[in-house]
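Subject: Handover of a structure and the findings on it

Dear colleague,

Please find below the structure that I am handing over to you.

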Amino acid sequence: MGFLDRIKKQFGDGNYAGDEFGGASGHDGSGLPADNPGNFMFATGIECSYPTIQQGKVRRDLLRECGHYDRFKEDLGLVKELGLNVLRYGLPYYNIQQGPGKFDWSFADEAMAELKRLKITPILDLMHFGVPDWIGDYQNPDLPVHFAEYAGAVAERYPWVRYYTPVNEIYVTARLSAKEGAWNEQLKTDKGFVTALKHCVAASIMGNHEIAKRRNDCVIVQSESAEYTHELCATPSPQIALENELRFLSLDLLYANPPSATVAMYMMDNGLSREEYAWFMAGKPPGYQVMGNDYYGRNERIKLPDGSIQTSMDVLGWYEITKDYYERYRMPVMHTETNVFEPDLAPIWLMKQWVSVMRMRRNGIPVLGFTWYSLIDQLDWDSQLKEVNKNVNACGLYDLNRKPRPVAETYKSLLKEFGQITIVPHAEMLEITDRPARLKTMI
């Protein structure tokens, strides 16, 4: 009698006692997300942009324009209805900090109380494409100091919040405000762009410090646009080459990663001093840092031989572009935004994004979360908010009447299939800790 016959005689033909604890008959990770910090972060977000346009005469506020102020309890209820426990959520900074040391928490207190009651984990977004009127715009060198005070006040007021995005999409903020002339200061200069970008990064760093003073186990999810421009020209242009390097600039400064010599010279030529550069390169900000990569098909562009630039949609995709970012920074990753404006294409787009997330995890890159952005439809992003047309961008899990779109059912199906996978493979052993962040290196 061989060993196998002896085992079968002694223990049976399989399904041995104890096998359910992570063995062959263990749980496969299906089921709606569990309410614990080790669960993969399936999320959505509520669009909250608030830049000014028309030389400061008009303030966009997507929370107001999409009806969230009046329907926030209904919206947060929809998050739970989907089975989600994590929400990228932006408070209206421009309306809360009304001056140094002066805050209006009236809406924020109500919304945050409802989030807490529903046991939704917010990734709290503190600055989303705009600043208070009294600060002016991103050219103001006082912005980092004023914003740091605000970040500290938020952390003080809502001590139960652990996850933050201090400044959303820094690169996009600076580019649209100061290089493309769309928002806020509406400049179209390289110097304006570098000024806005360094002020935003400095604001994020100092805001991060104020949060970490109060929550020394804070998790910072730095959402940034993942972009790439292809070029169909026999002779590549220096302009496109520079643009493909500048897409890293906000994260280079934030994570103290020396940029290329070309980019360093560009910054110095446009107002970054040696002292400022050395300050940025001193080290990463505190807390547990997660690199959030936002990817829309619109993020990939192609320059044609006639010089025109068109959207190329998903040539490289989130996987290949984010892999570039990961190999540059070696940070844990979260897919922090995606959508399409065509509701009939949204279900397959969501599944394609999820395939990319799974492929990246299988290749050993720690992807901690995924976000369909946003919960409800948005307005006027087809003109980058530059025009008040009230065009509905049908990219939400729900429309503006809070009726589900087909992509909501697809997301629910995905949750039922994968909802209880851990934040990274083997995370049951590597549980998320609530101890203060301590190490500054990843070794």
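The side chains of Asp324 and Arg247 meet in a salt bridge, with an N to O distance of 3.8 Å. A salt bridge here is a side-chain nitrogen of Lys or Arg within 4 Å of a carboxyl oxygen of Asp or Glu. Asp324 lies in helix H13 (residues 317–329) and Arg247 in the loop between H9 and helix H10 (249–254), so the pair ties together parts that are 77 residues apart in sequence. Helices (H or I, at least four residues) and strands (E, at least two) are DSSP runs, numbered from the N terminus.

Please note that this is a predicted model, in which local features need pLDDT of at least 70 and side-chain atom pairs count only at pLDDT 80 or more, while totals for chains, interfaces and linings use all residues. Residues are numbered from 1 along each chain as its sequence is written, and side-chain values use heavy atoms, with hydrogens and water left out.

The two partners can also be described by their accessibility. Asp324 is partly exposed, with a relative accessible area of 31%, whereas Arg247 counts as buried at 5%. Buried means under 20% relative accessible area, exposed over 50%, and partly exposed in between (1.4 Å probe, protein chains only).

Salt bridges that share partners join Arg60, Glu65, Asp380 and Lys390 into one network. Glu65 is buried at 16% relative accessibility, and Arg60 is buried at 1%.

A further salt bridge links Asp109 and Arg157, whose closest N and O atoms are 2.8 Å apart. Asp109 belongs to helix H5 (residues 106–117) and Arg157 to helix H6 (residues 143–157), so this pair ties together parts that are 48 residues apart in sequence. Asp109 is partly exposed at 28%, and Arg157 is partly exposed at 40%. The whole structure holds 27 salt bridges.

Next come the spaces in the protein. On a 1 Å grid over the protein atoms alone, a cavity is a set of points where a 1.4 Å probe fits but cannot get out; a pocket is an open set with protein on both sides within 12 Å along at least five of seven lines, and lining residues have an atom within 4 Å of a point. Grid points are joined across faces, edges and corners, and a volume is the space filled by probe spheres set on the points.

The largest cavity has a volume of about 30 Å³. Its lining consists of Ile46, Glu47, Leu62, Leu63, Cys66, His68, Ile376 and Asp377. By class, these are five nonpolar, one polar and two charged residues. Here Ala, Val, Leu, Ile, Met, Phe, Trp, Tyr, Cys and Pro count as nonpolar, Asp, Glu, Lys and Arg as charged, and the others, Gly among them, as polar.

The second largest pocket holds about 890 Å³ of space. Of its 36 lining residues, Arg175, Glu227, Arg298, Arg301 and Gln384 are the closest to its centre. The lining divides into 12 nonpolar, 12 polar and 12 charged residues.

Finally, Ser356 lies in helix H14 and is buried at 14% relative accessibility. Ser356 and Gly317 are 39 residues apart in sequence and 8.1 Å apart in space, C-alpha to C-alpha.

Yours sincerely,
A colleague
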